[in-house]
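This report describes a protein chain, part by part, alongside its sequence and structure.

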Amino acid sequence: VWWGGPGDAHLQAAEEGLTAEYKSPALAGLRDWATRHAEQSKFRTAGTYLGVLGFGVSETVLKQRNLPEPKCWADLLDPKFKDEIQIADPASSGTAYTALATIVQLMGEDKGYDYLKGLHKNISQYTKSGIAPIKAISIGESAVGIGFLHDIVTQKLQGAPVKAIAPCEGTGYETGSVSLIKGARNEANGKKFYDWTLGVEEQTINMRLKIFSIPSNPNVVAPPEAPDFASVKLINYDTAKYGSSAERTRLLRKFEAEVKSLPR
């Protein structure tokens, strides 16, 4: 079983025949966006949670370096943030690929890549994992980390002086997924685990661990400290298009050639 991570990669794997078709009996009880995700993959994956993209700031670092609190994607281009922003490499991180696809959909491809080139000037490093920029702001290593809002909220609840910010222009999201590997051993037990990830028991564990993504099972009750995602401005993220093998590969190659290779 492949469990977790943004659904774009799961859709690409489904398209390439790496995952097996499985219509879990749990699908019927999930939220619309989760079942739609399964249908788009021809039932080779299913949605387990929704993670909203944004950025977090270290309140300590902002104060120490007299930096303004960014509220919008545009604010991150301010030269004051040179070497103060971290984001993962979209080639190795589903989180960062979600950010890349979000910017392209929000701004259009040409303007989106112009934005990414401007942002590149302020990036201190492209990390391998999507959670690394959030860990960096939690320990005061960086002023801004781009990632999923629920990861930032988790750090805040653990006592880190961080703040989660949903960009004013709007933002994208990941559909966290689960897939059954094609031809894998122990398929019967794999299906049992797959069913479990879509159930109330497993998704309630996330809530107890203070991982406040939006569960795909509507019977999971979020605790009062969970963020109010209803106030976040979401774009109409096209998971089917940006999870396709051709589009994903094209955008990543373009990012490597036109953005990451630039001097900073």
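## A largely enclosed helix

In this predicted model, helix α7, which spans residues 149-157, has seven of its nine residues buried, so the helix is largely enclosed by the rest of the structure. The residues in question are Leu149, His150, Asp151, Ile152, Val153, Thr154 and Gln155; the list therefore includes Asp151 and His150 as well as Leu149, Ile152 and Val153, since each of them falls under the 20% relative accessible area that counts as buried.

The buried residues of α7 pack against several elements, namely strand β3 (46-58), helix α6 (132-138), and the strands β6 (144-148), β7 (162-165) and β8 (173-181). After α7 comes Gly159, which has a positive phi near 105°.

Strand β3, one of the elements against which the buried residues of α7 pack, holds Thr48. With a relative accessible area of 4%, Thr48 is buried. When its neighbours within four places in sequence are left aside, Thr48 is in contact with Gly176, Ser177 and Val178, with Thr197, Leu198 and Gln203, and with Ile214, Pro215 and Ser216.

Strand β7, also among the elements packed against by the buried residues of α7, contains Lys163, a residue that counts as partly exposed at 32% relative accessibility. Neighbours within four places in sequence again being left aside, Lys163 is in contact with Phe55, Gly56, Val57, Glu59, Glu69 and Ile152, and Ile152 is itself one of the buried residues of α7. The C-alpha atom of Lys163 is separated by 28 Å from that of Lys111, which is 52 residues away along the chain.

How many aromatic pairs does the chain contain? The count comes to seven. In one of these, the ring centres of Tyr126 and Phe255 lie 5.9 Å apart and the ring planes stand at 90°, so the pair is edge-to-face. Because Tyr126 belongs to strand β5 (residues 123-127) and Phe255 to helix α11 (residues 245-260), the pair ties together parts that are 129 residues apart in sequence. Both partners are buried, Tyr126 with a relative accessible area of 16% and Phe255 with one of 5%. Elsewhere, Trp3, Phe193 and Trp196 form one aromatic cluster.

Helix α11 also contains Leu252, which is buried with a relative accessible area of 19%, a value that lies under the 20% cut-off for burial. Apart from its neighbours within four places in sequence, Leu252 is in contact with Pro90, Ala91, Tyr97 and Leu100. Leu252 and Ala13, 239 residues apart in sequence, are 16 Å apart in space when taken from C-alpha to C-alpha.

## Positive phi values in a loop

Most residues other than glycine have a negative phi. Asn66, however, has a positive phi near 55° without being a glycine, and this residue lies in the loop between α3 (59-64) and β4 (85-88). The loop between α3 and β4 also holds Asp83, another residue that is not a glycine and yet has a positive phi, here of about 65°.

Are these two residues buried or exposed? Asn66 counts as exposed, at 67% relative accessibility, whereas Asp83, at 45%, counts as partly exposed.

## The chain as a whole

The secondary structure of the protein chain comes to 11 helices and nine strands. The radius of gyration is 18 Å, close to the 18 Å that the globule rule gives for 264 residues, so the chain is as compact as a globular protein of that length. Taken along the principal axes, the C-alpha atoms fill a box of roughly 55 × 40 × 30 Å.

Buried residues make up 53% of the 264 residues, and, among contacts between residues at least 6 apart in sequence, 75% join residues at least 24 apart. The accessible surface comes to about 12000 Å², with 52% of that area belonging to carbon and sulfur atoms. As for charge, the chain has 31 positive and 30 negative side chains, and the centres of the two sets lie 2 Å apart.

Key:
Residues numbered from 1 in each chain as written. Predicted model: local features only at pLDDT ≥ 70, side-chain atom pairs only at ≥ 80, totals over all residues. Heavy atoms only, no water. Helix = DSSP H or I, 4+ residues; strand = E, 2+ residues; numbered from the N terminus. Rg over C-alpha atoms; globule rule 2.2 N^0.38 Å. Buried < 20%, exposed > 50% of the residue type's maximum accessible area, 1.4 Å probe, protein only. Contact = heavy atoms within 4.5 Å. Areas by Shrake-Rupley, 256 points an atom, 1.4 Å probe, with all protein chains shown as cover. Lys, Arg positive; Asp, Glu negative; His and termini not counted. Charge placed at Lys NZ, Arg CZ, Asp CG, Glu CD. Phe/Tyr/Trp six-rings, centres within 6.5 Å; stacked < 30°, edge-to-face > 60°.
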